[in-house]
Amino acid sequence: MVIFDSVKKEKVLFEPIKERQATLYVCGPTVYDDAHLGHARSAISFDLLRRVLEASGYKTTLIRNVTDIDDKIINKAKQTGKSIQDIAEFYEKRYLEDMAALLVREPDIAPKVSESMDAIEAMIQTLIDKKYAYKISNGDIYFDTSKDTNYGTVSKKISDESMSRVTHTDEKKNQKDFALWKACTEDGSCFASPLGKGRPGWHIECSAMIEEYGLKDAPYSIDIHGGGADLLFPHHENEAAQSRCATNHELAKYWMHNGFVQIDGEKMSKSLGNSFFLKDALKVYDGEILRFYLAGIHYRSDFNFNEEDLLASKKRLDKLYRLKKRALFDTQSHPNESFIKPFLEALQDDINISKALSIIDEMIAKANEQLDLNPKDKELKKVIGANLIFIQELLGFGAKESAQYFQLGVSEEDKKQIEALIQERLEAKSAKDFTKADTLRDTLAKMGISIMDSSEGTLWERAL
Ligand SMILES: [Zn+2]
């Protein structure tokens with residue numbers, strides 16, 4: 001398996017710290033609002049990575065934190081009159097629902113800040129004891145970046161724009177120093193601690209959690225640290241610095257970052273009204289269709305979300321489900337080696353998704369050709385079924401029944417009406433009233449429904 005290491009800025013061979021094991025940590029959500037498309041892209045990117053590692057024979061452990069104590073949550077609690085805990089629990093639940101809709105598997109470990117206070121305080125205390133941290137007059141505790149000679153080695157070039165994300169205060173020794181602990185006096189958002197009454201800064205939680213749940217007695221605590229490209233500086237640089245200084249070893253062997261998501265404003269406005277929220281996209285499109293679209297662009301590239309591309313991407317997924325209709329499924333059957341080998345190899349090359357998807361396209365085209373020539377060949381149908389199961393397990397696509405997939409987005413009420421019109425058309429046909437039957441077919445077409453007569457009766461689909 002080859003991955004692109006964002007620190008080395010090149011593709012490198014993945015060599016795990018412990019044989020056949022891969023420990024991954026991905027920065028998770030700050031639960032103060034609904035998840036947006038950027039969250040979806042990051043979660044899908046690392047979900048794919050995890051699945052490909054597993055298909056390559058590694059036992060994976062995925063850790064994804066939940067930031068449930070943060071200024072943004074505190075502000076939301078003040079605005080709404082709710083408690084910090086209520087806000088955090090509500091949006092964490094929403095986040096998990098959205099991720100489930102996108103078929104993103106849950107992490108193995110999902111530590112919360114509120115449950116990791118001992119580990120966080122212990123790491124800050126170690127940094128104080130080792131003179132890497134200092135307290136300013138208001139009680140805030142800062143990390144002294146000048147004491148870490150390797151500071152800057154993760155993000156390399158620190159731009160003026162990224163420096164604007166660093167908080168400024170007169171009492172900091174260096175401009176890049178960052179808060180490990182924020183002193184506070186308000187009830188509800190402060191923890192009584194030997195460090196003083198306060199709450200942790202954002203960066204320290206990931207280092208403390210990685211130390212707690214990552215590998216012990218190893219040269220690195222985790223194999224791969226992942227997150228969005230916007231986290232490289234200052235968040236990941238700071239995580240790396242405080243871990244290095246507290247533990248005397250590097251945090252992660254490899255760093256991987258996914259690209260940004262932008263919205264093509266004008267074209268999006270039709271159905272999503274420029275919303276960046278995943279919940280709005282999920283009202284219009286099924287999670288699997290969104291996942292297929294979001295996963296279809298290489299994780300490192302920037303992503304320009306627009307509806308035209310989404311519909312084009314859906315047409316590609318349609319082909320998979322059309323083939324599924326023709327396949328047979330038998331647990332004894334094996335997929336074609338000539339399909340799965342290049343398919344897996346493409347994914348093992350830093351998740352080369354465009355190559356992997358074109359290999360799927362080729363398999364589908366070839367399978368259809370063979371089925372046209374041998375429509376009754378059961379063995380052929382079973383091998384095609386096994387190929388589809390392989391795709392489903394590796395990428396998460398194709399698990400629905402075909403009929404269900406092609407009827408997505410149709411309400412239960414509309415379904416009843418469609419079934420009634422189909423029944424009426426069948427009665428007209430058996431009464432040899434073909435004019436009426438055609439009129440009913442046109443009525444269904446106007447509703448966006450296409451029908452097909454088959455040996456199993458009349459099948460219908462939503463034509464998008
Ligand atoms: Zn983090």
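Tutor: The position is T23, which is buried, because 28 other C-beta atoms lie within 10 Å and 20 or more are enough for that class. The model is predicted, so this count, like every other value here, is computed from predicted coordinates.

T23 belongs to strand β3, which covers residues 21-26. Leaving aside residues up to four places away in sequence, T23 touches T61, G214, L215, I222 and D223.

Strand β3 is part of an open sheet of four strands with parallel pairing, in the order β4-β3-β9-β10. At the edges are β4 (59-64) and β10 (250-258), each of which pairs on one side only. On average, neighbouring strands of this sheet are turned by 25 degrees against each other, with direction ignored. The general rule for a regular strand is that side chains alternate between the two faces of the sheet.

Consider next the pairing of β3 with β9 (residues 220-228). Three bridges link the two strands in the parallel sense. Within this pairing, V26 has G226 in β9 as its bridge partner. A helix also covers part of the sheet: α7 (residues 232-247) packs on it and touches β9 and β10. The direction of α7 makes about 170 degrees with that of β10.

Other strands pair in the antiparallel sense. Strand β6 (residues 141-143) is joined to β7 (residues 178-183) by three bridges, and the two run antiparallel. Here Y142 stands opposite A179 of β7. Strand β7 is in turn joined to β8 (residues 198-200), again antiparallel and again by three bridges. In that pairing W181 has P200 in β8 as its bridge partner.

Helix packing gives a further contact to examine. In general, the packing of two helices is described by the angle between their axes and the distance between those axes. For α1 (residues 37-55) and α10 (residues 287-295), the angle is about 80 degrees and the axes are 10 Å apart. That angle makes α1 roughly perpendicular to α10. The contact brings A40, R41, I44 and L48 of α1 against R291, L294 and A295 of α10. Sorted by class, it has five nonpolar residues, two charged residues and no polar residues.

Now the whole chain. It has 464 residues, of which 41% are buried, T23 being one of the buried residues. The chain contains 17 helices and 14 strands. Along the principal axes, its C-alpha atoms fill a box of roughly 90 × 50 × 35 Å. Of the contacts between residues at least 6 apart in sequence, 75% join residues at least 24 apart.

The domain assignment divides the chain into domain 1 (319-406) and domain 2 (410-462). Taken over C-alpha atoms, the centres of these domains are separated by 31 Å.

Conventions
Residues numbered from 1 in each chain as written. Predicted model: local features only at pLDDT ≥ 70, side-chain atom pairs only at ≥ 80, totals over all residues. Domains from an automatic or database assignment. Axes fitted to C-alpha atoms, helices over the stretch in contact; angles between N-to-C directions. Parallel < 35°, antiparallel > 145°, perpendicular 65-115°, else oblique. Contact = placed C-beta atoms within 7 Å. Nonpolar A, V, L, I, M, F, W, Y, C, P; charged D, E, K, R; others polar. Pairing = 2+ DSSP bridges. Buried ≥ 20, exposed ≤ 12 C-beta atoms within 10 Å, placed from the backbone.
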